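Q: Please walk me through this model. I would like to learn how to read its features.

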Amino acid sequence: MDIFSIFTLCGGLAFFLYGMTVMSGGLEQIAGGKMEKLLEQLTSNPIKGFLVGTAMTVAVQSSSAVTVMLVGFVNSGIMKLSQTVAIIIGSNVGTTVTSWILSLSGIQSTNFFLRMLKPESFSPLLALAGVIMLMTSRSKFSKRKPIGTFLIGFSILMFGMGLMSSSMAPLANDPNFSNILTLFKNPFLGLMVGLIITMIIQSSAASVGMLQALSLTGSISYAVAAPIIAGQHIGTCITAVLSSIGVNTNAKRVAAVHVTFNVLGAGIFFIALWICANIFGSALDQSANPFGIAVVHTIFSILAAVCLFPARKLLEKISYIVVKERADEKEVILDERLLVTPSIAIAQCYKTTATMAKLTRESLVMSVRMLKHYNPKVSEVITKHEAKIDKYQDVLETFLQKLSGRDLTEEDSNKISQLILSISDFEKIADHSMHILQIADKMHKKEWDLAPDTVEELKKVVNAVKEVFDLTVQAFIYNDISRAYEIEPFEQVVDDIAYVAKKNHIKRVKQEKVHIRRNFAYAEVLNDLERISDHCSNISTNMIQSLNNNKIARHELKNKLKDKDITPFANQLDEFKQKYSLELLSS
């Protein structure tokens, strides 16, 4: 092979890897929220896990990428190690799809229709279609854009495959190359070659593609190709191993499961190969072609899956032996590995924000109780909650800012905007809860007590706000838009009863029924409660705006939601009013 052929090979590999990246990005955008739904369907059922792993790998065209995602999920506490084993096994089967696509390059025929199946025949047309789709996509969020990206990525990938094939064509008649290939009849050497090359380029798909391109020379037999394929499966684990650096123990074990599965799979494959060599010895010495390599690649994956799927618990136990427990584990809220798949990353941001919302609710409930029954230990819990909520806000906003720089669909972009606003509102609710705690602390130190009639009024306002906040949290967690529409009318009721409570309080102060020093404390609590319900209204409005792609301005939407004549929840609203009604004191 001369220097120009080497340059062509390197260029072909570069095009192949870049095309794979572009194509995967397009596929992920086309899949959008479907990948998120696949994960939501994941249960303790290992069959579903296997199917999810296969589907995800077909979507992103990389078993390594799926394993890196799983490392991120386990590191963030989103998934358990036991859930990932079946997915990893499924991902190894899903990765065979690429080799079948690449095997089309080996079609040899003068028939017009068969020739059109060759990628070099149809990929230029796909590239043209992809470019037209991108150029005619006026909107940044056009649905045609990800399809165009996928078509261009696929065409670049196939062009790279063609370059690699043409660069290796001169090797067919090179006696030196034939002598080198005879060395690889040693299965161990073949395995090491496949392992090392795949570790360097960090893509088993590219490594298999190179082997398929090499097979077009007619110089490589199945006996040589099979051990190389086994090595490629082990070599692809390097990406997961590198991604596990700096993560918690269980996340490291995900990478250990991936390595163990492929090493044991290679062992099983070699046993099967040895049996075949003794039964069909001459068949393995035949020249391999791209289609045959795709078959061998698939046999390896399916054989490993069939043999090791029942041994999932064993793979998990081995990972526990390989990766020992550590005492100094740090909590990870969101792992940046999730940024690779925006739709899944956004789904995890929703779940993390939901956890933040639940903490905020606990803080609110505990804070208002402290006004009547002060407890220093509860005060410490609320303070810790506040620090944790602030940390959640910081992590989420930083993560979402990084995510917003990715190539997103319009739906995902709207979700990020809604999340950033909602996170801020939940954090402000926590701040108001903290302020109520400070008031309770002051009242405790000053030995102030609320007047009995004031307590009864405050109970109604607090319970109304808690009900509105519970409704808000439920609407947010379950993405229930019907509940979101209820919140603004209910919030108006809170404003009304808070207004009555303030007017009554002022009258009591004038009548000197309330000590002047306690006046501001009670008024401030009412203000905090009113502001909490306002933030609930903001969160529900954000949800509705996101559903309508932000086409309606917030103030305009709020005015529409305030219209009691058009609300479909008239009965619930009347019940809410009667339940928390307050009477204005006479002068």
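Q: At what angle do helix α19 and helix α22 pack, and how far apart are their axes?
A: Two packed helices are described by the angle between their axes and the distance between the axes. Helix α19 (residues 342–370) and helix α22 (residues 452–477) pack at about 170°, with axes 10 Å apart. They are therefore roughly antiparallel to each other (angles over 145 degrees count as such). Helices are DSSP runs (H or I, at least four residues), numbered from the N terminus. Axes are lines fitted to C-alpha atoms over the stretch in contact, and angles run from 0 to 180 degrees between N-to-C directions.

Q: What should I know about the source?
A: This is a predicted model: local features need pLDDT of at least 70, side-chain atom pairs count only at pLDDT 80 or more, and totals for chains, interfaces and linings use all residues. Residues are numbered from 1 along each chain as its sequence is written, and side-chain values use heavy atoms, without hydrogens and water.

Q: Which residues meet between α19 and α22?
A: Contact means heavy atoms within 4.5 Å. In α19, Tyr350, Leu364 and Val368 are among the residues that meet a set in α22 including Val462, Phe469 and Ile477.

Q: Is His385 buried or exposed?
A: Buried means under 20% relative accessible area, with a 1.4 Å probe and protein chains only. His385 has 13%, so His385 is buried. His385 lies in helix α20 (residues 376–404). Not counting residues up to four places away in sequence, His385 touches Leu359, Glu362, Ser363 and Met366.

How values were computed. Helices (H or I, at least four residues) and strands (E, at least two) are DSSP runs, numbered from the N terminus. Angles under 35 degrees count as roughly parallel, over 145 as roughly antiparallel, 65 to 115 as roughly perpendicular and the rest as oblique. Buried means under 20% relative accessible area, exposed over 50%, partly exposed in between (1.4 Å probe, protein chains only).
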